[in-house]
Amino acid sequence: MAETRDVVIVGGGHNGLVTAFYLAKAGFKPLVLERRAQVGGAAITEEFHPGFRCSTLAHNAGSLRADVVRDMQLKQHGLELVTPEVSTASLTTDGRALILYADTKKAAQEISRWSQKDATGYADFGNALAKISKVIGQALTLTPPNIDSPSSGDLWGMLKTGRSIRNLGKKDMYRVLRWGPMAAADLVSEFFDTEPLRATVAARGIFGTFLGPWSAGSALVLLLRAASDPEARARSRKPWQPQQGKPAQRFVSTLMSPKFESRMGSPPA
Ligand SMILES: Cc1cc2nc3c(=O)[nH]c(=O)nc-3n(C[C@H](O)[C@H](O)[C@H](O)COP(=O)(O)OP(=O)(O)OC[C@H]3O[C@@H](n4cnc5c(N)ncnc54)[C@H](O)[C@@H]3O)c2cc1C
């Protein structure tokens, strides 16, 4: 007999699994179809040699949102996020290394060995980025409003966003408008003189994209990354996670199985 479902999700990568989780929470009974024998997509851990496991594609946790971690109780199901003390080591051709620590004060101390002005600039940049990206981060969680006939929820969301932009104050409001279309290289040059520091911070605006540091809009990528990764706003990289695949397997085996069904090795007909 033909089986009917209200929602079928094709692909059991982390986006498919998270979507299924929230749909199940909202009372639907989604079916996830995954063509591989394992769910998790790019976030899987595999054994490449007996006894040796690693994340075989993604090497860091990307923009994993804190509310998703909380809602899905990922920590209780084995997720461990590791923040290395050193976030980036940038090597120069003259044999020096610029070390950026996760701790902003320690990073500023290290930068002061290169330039006292840049050490101060690093803290200023971090503060401005934190303020602006918080507002952008809030806006990213909203469902885009219906422009033709906005609902009361849409209007409330727009009002809240407008208010938080206004609360930034004139200087940072102006920065939001000016920074977005800029090149990341231009943006970092406003704060730093030291070339390795400029390159390290700007890298976050081009990593994983087809942009270069002088591409228009690369500053926006940097802002968006900072907005979706509040723990690592000024640094170039995010904390990483050694066993990324583990929670994905547990989503299915323990947390979600009563709520939604996942069939592996099931490409759609
Ligand atoms: C080389 C590389 C490195 C990356 N490194 C990182 C990183 O370190 N950190 C990070 O955050 N992001 C990284 N990314 C980006 C990240 O991989 C993606 O943003 C993420 O995987 C998207 O998740 P997803 O669930 O949408 O899709 P995916 O993870 O791609 O999952 C899709 C799933 O759908 C299944 N599928 C596809 N077609 C079908 C079908 N027809 N029927 C059934 N199943 C199907 C696939 O088997 C897969 O399991 C990297 C990307 C690449 C290419």
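Me: Let me start with a cut-off: a residue is buried if 20 or more other C-beta atoms lie within 10 Å of its own. What share of the 269 residues of the chain counts as buried?

Reply: This is a predicted model, and 26% of the chain's 269 residues count as buried in it. For orientation, the chain has 10 helices and seven strands.

Me: Why is Leu64 called buried?

Reply: Leu64 has 21 C-beta neighbours inside 10 Å. The cut-off is 20 or more, so Leu64 counts as buried. Leu64 is in the loop between β4 (52-55) and α2. Ser228 is 164 residues away from Leu64 in sequence, yet their C-alpha atoms are 7.6 Å apart in space.

Me: And Gln73, what makes that one buried or exposed?

Reply: Count again: 12 other C-beta atoms lie within 10 Å of Gln73. A residue with 12 or fewer is exposed, so Gln73 is exposed. Gln73 belongs to the loop between α2 (66-71) and β5. Its phi is positive, about 50 degrees, although Gln73 is not a glycine.

Me: Why does Val176 count as partly exposed?

Reply: Val176 has 16 C-beta neighbours inside 10 Å. You'll find Val176 in helix α6 (residues 170-179).

Me: How do you know what Val176 touches beyond residues up to four places away in sequence?

Reply: Contact here means C-beta atoms within 7 Å. Leaving out residues up to four places away in sequence, Val176 touches Ile132, Ile165 and Leu168. Take Ile132: Val176 and Ile132 are 44 residues apart in sequence, while their C-alpha atoms are 6.9 Å apart. Over the chain, 62% of the contacts with a separation of 6 or more join residues 24 or more positions apart.

Me: What makes a group of residues the largest nonpolar core, and which members touch the most others?

Reply: Members must be buried, of a nonpolar kind, and joined through C-beta atoms within 7 Å. The largest such set has 26 residues, and Ala184, Leu187, Val188, Ala219, Leu222 and Leu223 touch the most other members. β6, α3, α4, α7, α8 and α9 each supply at least two residues of this core, with α4 giving the most, six residues. Leu187 touches Trp179, Met182, Ala219 and Leu222, again not counting residues up to four places away. Apart from this core lies another one, of eight residues, among them Ala20, Val39, Met72 and Leu74. In soluble globular proteins, nonpolar side chains tend to be buried together.

Me: Which residues of helix α9 are buried, and what do they pack against?

Reply: In helix α9 (residues 218-228), the buried ones are Ser218, Ala219, Leu222, Leu223, Arg225, Ala226 and Ala227. They pack against α4, α6 and α7. In helix α8 (residues 195-202), Leu197, Thr200, Val201 and Ala202 are buried. Those α8 residues pack against β5 (86-91), β6 (97-101), α3 (104-112), α4 (116-140) and α7 (184-189).

Me: How do you know that β5 and β6 pair?

Reply: Pairing takes at least two bridges. β5 and β6 have five, in the antiparallel sense, so they pair.

Me: Which residues are closest to the ligand?

Reply: Gly11, Gly13, Gly41, Ala42 and Gly62 are the closest of the 20 residues that surround the ligand. That shell divides into seven nonpolar, 10 polar and three charged residues. α1 gives the most, with three residues.

Me: Where is confidence lowest in the chain?

Reply: Helix α10 (residues 245-256) has the lowest confidence, at a mean pLDDT of 54, and α7 the highest, at 96. Over residues 233-244 the pLDDT is below 50. Where pLDDT is low, the predicted coordinates should not be read in detail. The mean for the chain is 85.

Conventions: Residues numbered from 1 in each chain as written. Predicted model: local features only at pLDDT ≥ 70, side-chain atom pairs only at ≥ 80, totals over all residues. Helix = DSSP H or I, 4+ residues; strand = E, 2+ residues; numbered from the N terminus. Contact = placed C-beta atoms within 7 Å. pLDDT = per-residue confidence, 0-100. Near = placed C-beta within 6 Å. Nonpolar A, V, L, I, M, F, W, Y, C, P; charged D, E, K, R; others polar.
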